[in-house]
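Dear colleague,

I am handing over the structure we spoke about, and my notes on it follow below. Please read them with the coordinates open.

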Amino acid sequence: MEAPAIVIAGAGECGTRAAFALREEGWDGRVILAGAEPSAPYERPPLSKAGELKPICDHDALRQAGVTFLAGAEATGLDTAAHVLELADGRRLEYRSLLLATGARARRLPFGGAPVHVLRTHADSQALRERLAPGRRAAVIGGGFIGLELAASAVALGCSVTVIELGPRLMGRAVPARIAATMAERHIAAGVDVRCGTGVTGLAQTASGVAIMLAEGGTVRADLVVAGVGAVPETSLAEKAGLTTSDGIVVDARFATSAPDVFAAGDCCRYPHPLYDDEPLRLESWRAAQEHGAAAARAMLGAAEPYASVPWFWSDQHDLTLQVAGLTSEATREVVRLRPDAVEVWFGLAPGGRLVAAAGVGPGNAVARDIKVAEMLIARRATPDPAVLADPAVALKSLLRTPVGA
Ligand SMILES: Cc1cc2nc3c(=O)[nH]c(=O)nc-3n(C[C@H](O)[C@H](O)[C@H](O)COP(=O)(O)OP(=O)(O)OC[C@H]3O[C@@H](n4cnc5c(N)ncnc54)[C@H](O)[C@@H]3O)c2cc1C
């Protein structure tokens, strides 16, 4: 009889990285990667940017790594006592260890009245791209990353675009106000009609398109509507199996869930972060999903080290790139560095002066170096001199020479 496999449910960024990492870590038993989507694993970030399909790997690469890849294989049941994952087509996969890497799904608007696009999958992207054409009016409900990236893409494709955001400013969840304001200016300069502090109360299909009714009165008229109102962690399988969930599948710092030999990682999990007093975090970040996959693979093979990487993400909008490291919500004081090359870097300090977050915006990849240094300082729990942080004449990396903790 074959020894039970390591089974991974969800073939996105996290699940796929975990499958390869198991081999890199020396696991020579069976690996089964079961993904609900019909295609080979692909990257999500390009869907809201250039819009092309960018594979993570192809079927051959999976075969060569000895990974049994099951496409169109939705996991619908989990028997944690019997160590069996059940697929929608009736197959039962016995596991030694199971990784839930089920990601997240796009949140929907709470009302109907007209068709509304969302953007999470390649199928969503295809449906949307078919409708983005020169002269079309696109309304994006939600001024977060995905909505704003899509707004920039739609403008580049010749659409006229309105962004409707309920909050007082764009990207209110994870980006400091100052950096968000720079990005808002760039959208406005590109011709995007940015409306913050504006609620939507309903939609109606009319002969000339969709009417979007606003809380303040009035309507926005559009040919197509996209909701970019966040993502909901895909926890239904875990919940049905009785695992602990709380806006995410709850795991420890090794990605172990409340059920024996069941792990969860990527967008679907909520994990304690040692840099932030073990506060449980749920991230939606491409790099975190990859790192979680690799760390969960090591944990499934018995490694004990906790995962402690600094949260990091990026967003491309028009010709600007935004990068954020750490948690901006932890900051109580801010310092800004204005570089002569039009790059703006924001630093967030906690009480006591510890650097807990940094965010930068600028053309191309110009922010990368400073955010990388900031990330290293955040990981070291450094308390850098605010005057040095603010002074663009002093290389940020000089702060790395300061003893840790100073
Ligand atoms: C349009 C878009 C743009 C983005 N841009 C950026 C960016 O610029 N920068 C950044 O840092 N991050 C970005 N992200 C976020 C990043 O892509 C995600 O954080 C990352 O994809 C999460 O990986 P994951 O594997 O955890 O989940 P996912 O990529 O969501 O993959 C989960 C997979 O599991 C499958 N699945 C779900 N349930 C089941 C089941 N029961 N059985 C089998 N399979 C199942 C799903 O179909 C899916 O294929 C973007 C996301 C989107 C949607």
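How do the residues of the shell around the ligand divide into nonpolar, polar and charged? In this predicted model, the shell comprises 15 nonpolar, 8 polar and 10 charged residues. In total 33 residues surround the ligand, and the closest are Glu37, Arg44, Lys49, Arg120 and Asp267.

A side-chain N or O atom of Lys49 lies 2.5 Å from a ligand oxygen, a polar side-chain atom of Glu37 is 2.6 Å from an oxygen atom of the ligand, and Trp286 brings a backbone N or O atom to 3.1 Å from a ligand oxygen. The ligand taken alone exposes 1,000 Å², of which the protein buries 93%. Two or more residues of the shell come from each of helix 1 (13-24), helix 2 (45-48), helix 5 (145-156), helix 8 (286-300) and strand 20 (312-317).

A search of the whole structure finds 1 cavity of 30 Å³ or more, and the volume of the largest cavity is about 40 Å³. Its lining, which includes Tyr271, Arg287, Glu291 and Trp312, has 7 nonpolar, 1 polar and 2 charged residues.

As for confidence, the chain has a mean pLDDT of 96, with 99% of its residues reaching 70 or more; confidence is lowest in strand 19 (residues 279-281), at a mean of 94, and highest in strand 17 (residues 262-264), at 99.

With best wishes

Key:
Residues are numbered from 1 along each chain as its sequence is written. This is a predicted model: local features need pLDDT of at least 70, side-chain atom pairs count only at pLDDT 80 or more; totals for chains, interfaces and linings use all residues. Side-chain values use heavy atoms; hydrogens and water are left out. A residue is near a molecule or strand if one of its heavy atoms lies within 4 Å of it. A polar contact is a pair of N or O atoms within 3.5 Å; within protein, one must be able to donate a hydrogen and the other to accept it, and residues adjacent in sequence count only if both atoms are side-chain atoms. Accessible areas come from the Shrake-Rupley method with a 1.4 Å probe; for residues, only the protein chains shown count as cover. Helices (H or I, at least four residues) and strands (E, at least two) are DSSP runs, numbered from the N terminus. Ala, Val, Leu, Ile, Met, Phe, Trp, Tyr, Cys and Pro count as nonpolar, Asp, Glu, Lys and Arg as charged, and the others, Gly among them, as polar. pLDDT is the predictor's confidence in each residue, from 0 to 100. On a 1 Å grid over the protein atoms alone, a cavity is a set of points where a 1.4 Å probe fits but cannot get out, and a pocket is an open set with protein on both sides within 12 Å along at least five of seven lines; lining residues have an atom within 4 Å of a point. Grid points are joined across faces, edges and corners, and a volume is the space filled by probe spheres set on the points.
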